[in-house]
Amino acid sequence: ALVIRLALDRGRSMRPARIGVGAAAFLGFALPGAAVGIGLIAAYNRSGLPGLVYGSAAMVVLAYVARGFWIPWAGLGAGLRGQGPGPVAAARPAGPPRWRVALRVQVPALRAEIAAFLALAFLFCMGELGSVLLVHPPGVDVLSWRIFDLVHYAYDATVAALGLMVMAACLAVVALGGWLSGWGDRLSTG
């Protein structure tokens with residue numbers, strides 16, 4: 001999301017593409033998971049190259065991207081707008097290419113936003129079940145699907161242990177995102 005956002009935040013000529021990608025990302029986030037799953041099935045259940053994607057674990061990855069891409073897209077867009085043109089304008093006279101300015105000036109300034117919004121996207125995708133139920137191929141299980149399946153057929157202790165594993169993974173991602181974004185430094189300095 002960051003690479004696409006940085007590439008499309010260049011001038012007025014990219015505005016229609018930025019709006020189109022943002023609208024598509026928002027639709028993937030706002031539509032119910034079942035609708036996104038049906039859309040992915042309609043797009044990839046064909047012969048040829050899409051058919052190769054349809055029968056693989058890539059469909060699960062596409063479902064996660066379709067459902068969770070808008071979170072870092074919107075957050076990083078707000079972070080880029082909050083930076084203003086100053087740092088980029090200061091680095092331009094030195095003559096580096098745009099990608100180097102983005103990598104050395106904008107990305108370090110967005111460290112907190114990158115960590116926070118990737119952690120949020122991960123948490124959202126951990127609980128995504130609606131689209132995964134429809135697109136996961138045989139033999140490919142994701143944790144949310146496994147827990148959903150075991151709720152009806154397994155012992156309560158097994159389901160509880162898996163639920164605790166999910167909670168521990170989510171807390172670890174939140175802690176890592178907080179550490180990477182420097183929340184602890186901000187809390188300790190007041």
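Which residues make up the largest nonpolar core? The legends below take up this question after an overview.

**Figure 1. Overview of the predicted protein chain.** This is a predicted model, in which local features need pLDDT of at least 70, side-chain atom pairs count only at pLDDT 80 or more, and totals for chains, interfaces and linings use all residues. Residues are numbered from 1 along each chain as its sequence is written, and side-chain values use heavy atoms, with hydrogens and water left out. The protein chain has 13 helices and zero strands; both are DSSP runs numbered from the N terminus (helices H or I, at least four residues; strands E, at least two). Of its 190 residues, 32% count as buried, that is, under 20% relative accessible area with a 1.4 Å probe, protein chains only. Among contacts (heavy atoms within 4.5 Å) with a separation of 6 or more, 66% join residues 24 or more positions apart.

**Figure 2. The largest nonpolar core.** Six residues form this core: Ile147, Leu150, Val159, Leu162, Val166 and Cys170. A nonpolar core is a set of buried Ala, Val, Leu, Ile, Met, Phe, Trp, Tyr and Cys residues joined through side-chain atoms within 4.5 Å. Helix H11 (143–153) and helix H12 (156–181) each supply at least two of the core residues. The largest share, four residues, comes from H12. Apart from this core lies another, of five residues, including Val36, Leu40, Met59 and Val135.

**Figure 3. Surroundings of leucine 162.** Leaving aside neighbours within four places in sequence, leucine 162 is in contact with Leu143, Arg146, Ile147 and Leu150.

**Figure 4. Methionine 126 and its contacts.** Methionine 126 is found in helix H9. Not counting residues up to four places away in sequence, methionine 126 touches Leu143, Ser144, Val166, Ala169 and Cys170. Methionine 126 and cysteine 170 are 44 residues apart in sequence, and their C-alpha atoms are 8.0 Å apart in space.

**Figure 5. The crossing of helices H6 and H9.** The axes of H6 (residues 70–83) and H9 (residues 111–126) come within 9 Å and cross at roughly 165°; axes are lines fitted to C-alpha atoms over the stretch in contact, and angles run from 0 to 180 degrees between N-to-C directions. H6 is therefore roughly antiparallel to H9, a term for angles over 145 degrees. On the H6 side, the contact is made by Ile71, Pro72, Gly75, Leu76 and Gly79, and on the H9 side by Glu113, Ile114, Phe117, Leu118, Leu120, Ala121 and Phe124. By class, this contact has nine nonpolar, two polar and one charged residues. Here Ala, Val, Leu, Ile, Met, Phe, Trp, Tyr, Cys and Pro count as nonpolar, Asp, Glu, Lys and Arg as charged, and the others, Gly among them, as polar.

Technical notes:
Angles under 35 degrees count as roughly parallel, over 145 as roughly antiparallel, 65 to 115 as roughly perpendicular and the rest as oblique. Buried means under 20% relative accessible area, exposed over 50%, partly exposed in between (1.4 Å probe, protein chains only).
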